[in-house]
Amino acid sequence: MSSCQSKLRILGSFSVVMALMVMVAAVGLSRMAENNRRMEMIVDQYNVKTGYLVTMYNAARERSIRLLRMVSMDDPFDRDEEYLRFNELAADFAVARIALSQVKQDPEEVYFYITQRELTEQSVPLMEQVVQLLVDDNIKAATDFLLHHAIPAQDKV
């Protein structure tokens, strides 16, 4: 075997090894890019869910605050204005809840969603009862009912 043939074999072997290294690097990079894409998708879903939950939480808390303001107001027109905002917050809560229901959820999140619905169904009539007591101009009863029944139920929501 001549030295020229040896050089060609070494060069060929080196070329094959380099080609294999390039292929391994390309496959590794494509896998990393795919994993990165999947991770971004998971984070985006998590952020969307978190956004809906924060909206729901803020609306629920703000509704309790609006009721507290309503029971402390003497002017019925101011109360009416607060009542309008109280209802707007209910709509905000409902919109976020519906949007959350349309996002893929794992079994734990489904359980949370169902439990939250049940708690909401319990607290809404209590809040409406506070409003009715205010309409009836029974401020003392509305305040007591709000503090002892409606707000504790809303806290669970």
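What percentage of the 157 residues of the chain count as buried? In this predicted model, the share of the 157 residues that count as buried is 25%.

**Overall form**

The chain contains 4 helices and 0 strands. Read from the N terminus, its elements follow the order α-α-α-α. The radius of gyration of the chain is 31 Å, whereas a compact globule of 157 residues would have one near 15 Å. Along the principal axes, the C-alpha atoms fill a box of roughly 110 × 30 × 20 Å.

The table gathers values for the chain as a whole.

| Property of the chain | Value |
|---|---|
| Radius of gyration | 31 Å |

**Contacts along the sequence**

Contacts between residues at least 6 apart in sequence were also examined. Of these, 66% join residues at least 24 apart.

**A nonpolar surface patch**

On the surface, a nonpolar patch is formed by L8, L11, F14, V17, M18 and M21. Together these residues have about 600 Å² of accessible area. One of them, M18, lies in helix 1, which covers residues 3–71.

Why does M18 count as partly exposed? The relative accessibility of M18 is 35%. Partly exposed residues fall between the limits of under 20% for buried and over 50% for exposed, so M18 at 35% belongs to the partly exposed class.

Note on methods:
Residues numbered from 1 in each chain as written. Predicted model: local features only at pLDDT ≥ 70, side-chain atom pairs only at ≥ 80, totals over all residues. Heavy atoms only, no water. Patch = residues over 30% accessible without salt bridge, like charges linked within 9 Å, V, L, I, M, F, W, Y side chains within 5 Å. Areas by Shrake-Rupley, 256 points an atom, 1.4 Å probe, with all protein chains shown as cover. Salt bridge = Lys/Arg side-chain N within 4 Å of Asp/Glu carboxyl O. Helix = DSSP H or I, 4+ residues; strand = E, 2+ residues; numbered from the N terminus. Buried < 20%, exposed > 50% of the residue type's maximum accessible area, 1.4 Å probe, protein only. Rg over C-alpha atoms; globule rule 2.2 N^0.38 Å. Contact = heavy atoms within 4.5 Å.
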